[in-house]
Amino acid sequence: MLNTYVPVLFLIGLAVFFAVFAVGVSHLLGPRRVNPVKASPYECGMITLGPTHQAVPIKYYIIAMLFLVFDLEVVFLYPWAIVFRKLGVFGFVEMMIFVFILLIGFIYVWKKGALEWE
Amino acid sequence: MTGSIFYWIAFVVTALAAVFAAVMVITRRNPIHSAMFLVLNFLCIAVLYLLLNAQFIAIIQVMIYAGAIMMLVIFVIMLLSVEEEERRRKIPVPLAQMLGMVLVFILFAQLIFGVVVKVLPGEQGEFSPERIAELGDVKTIAGLLFTKFLFPFEVASIILLVGIIGAVILSKKER
């Protein structure tokens, strides 16, 4: 059972190896001649003024929150698909009720204009 | 399966990585670093679920917790301007700290009591990891969720609806 995950483990190992190898080798072999211009955060453009950790507008948060809710909805669809044939019409109706309730939420969000970027 | 040496190595490595990540989460000063270690912690827990033959829960753990919920957490960190919080943090909070310490002590006492003095209480449920491996993980969950636990499942949709409306009301200006 667990042996089926050995390829996954290999893949993770390979990915880590590639990342470490690429960064490590260029770190070891690459020449490093630093001068003040190269070390500055922006070689062209203005140097930032004031604190850089600015509070982000809440518009982003609502998109993230709505994504999370509908992502969760999709999660319930996976096990439903597995037993769909076994449950028949009953299963279809119960999932339609579930999706319908969330559809109300979607229409609410749409009508409220929460998806618009203003 | 649970007795094999590979299983135990996998368990010990992921469990230690999870504890390490959890300690890093609460000791980092930069909240973004904490969030990244929390992702590592969630991934370790997903592996622990895999070791218990709960593949579906493991995938959900990665998709929902390490993916969507962590994204939300990072958005919240970005919404609050962190440097302001950092300055405000100089105010001491002895009461909260003391309460926290008391709670930690109670938790540790329970843990030691549970592990050393007697076996952990509670009865074994119907679906042990071995049984789940036999039946198929997603099939077991789906079979119960859409029949026996149908009502909680439908209630979940209403909770999600409340979540949607709450998010819109809290963050949307009236036009």
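The expected span of a helix is 1.5 Å times one less than its number of residues. Keep that rule at hand for the exercises below, which all concern a predicted model.

**Exercise 1. Work out how the span of helix 1 of chain A compares with the expected one, and how many of its residues are buried.**

Solution. Start with the length: helix 1 of chain A covers residues 6-29, which is 24 residues. By the rule, the expected span is 34 Å. From its first C-alpha to its last, the helix reaches 33 Å, close to that value. Now turn to burial, where the cut-off is 20 or more other C-beta atoms within 10 Å. None of the 24 residues of helix 1 of chain A passes it, so the helix lies largely in the open.

**Exercise 2. Describe the build of chain A and compare its radius of gyration with that of a compact globule.**

Solution. Begin with the elements: chain A has three helices and zero strands, in the order α-α-α from the N terminus on. Next, take the radius of gyration. A compact globule of 118 residues would have one near 13 Å, but chain A has 25 Å. The box around its C-alpha atoms, along the principal axes, is roughly 70 × 50 × 15 Å. Finally, look at burial: 10% of the 118 residues of chain A count as buried.

**Exercise 3. Determine how helix 2 and helix 3 of chain B are oriented to each other, and which classes of residue make up their contact.**

Solution. First, the geometry: the axes of helix 2 (residues 31-51) and helix 3 of chain B come within 8 Å and cross at roughly 170°. Angles over 145 degrees count as roughly antiparallel, so that is how helix 2 of chain B runs relative to helix 3 of chain B. Second, the residues: helix 2 of chain B brings, among others, B:Leu38, B:Phe42 and B:Tyr49, while helix 3 of chain B brings residues including B:Ile57, B:Tyr65 and B:Met70. Third, the classes: this contact has 20 nonpolar, two polar and no charged residues.

**Exercise 4. Describe the side of chain B that touches chain A.**

Solution. Count first: 42 residues of chain B are in contact with 41 residues of chain A. Then list the elements of chain B that give two or more residues to this side: helix 1 (5-27), helix 3 (55-79), helix 4 (82-88), helix 7 (137-145) and helix 8 (150-171). Helix 8 of chain B gives the most, with 13 residues. Last, sort by class: this side of chain B has 31 nonpolar, six polar and five charged residues.

Notes:
Residues are numbered from 1 along each chain as its sequence is written. Chains are lettered from A and ligands numbered from 1 in the order in which they are written. This is a predicted model: local features need pLDDT of at least 70, side-chain atom pairs count only at pLDDT 80 or more; totals for chains, interfaces and linings use all residues. Two residues are in contact if their C-beta atoms, placed from the backbone, lie within 7 Å. Helices (H or I, at least four residues) and strands (E, at least two) are DSSP runs, numbered from the N terminus. Ala, Val, Leu, Ile, Met, Phe, Trp, Tyr, Cys and Pro count as nonpolar, Asp, Glu, Lys and Arg as charged, and the others, Gly among them, as polar. The radius of gyration is taken over C-alpha atoms; the globule rule is 2.2 Å times the number of residues to the power 0.38. A residue is buried if 20 or more other C-beta atoms lie within 10 Å of its own, exposed if 12 or fewer, and partly exposed in between; C-beta atoms are placed from the backbone. Axes are lines fitted to C-alpha atoms, for helices over the stretch in contact, and angles run from 0 to 180 degrees between N-to-C directions. Angles under 35 degrees count as roughly parallel, over 145 as roughly antiparallel, 65 to 115 as roughly perpendicular and the rest as oblique.
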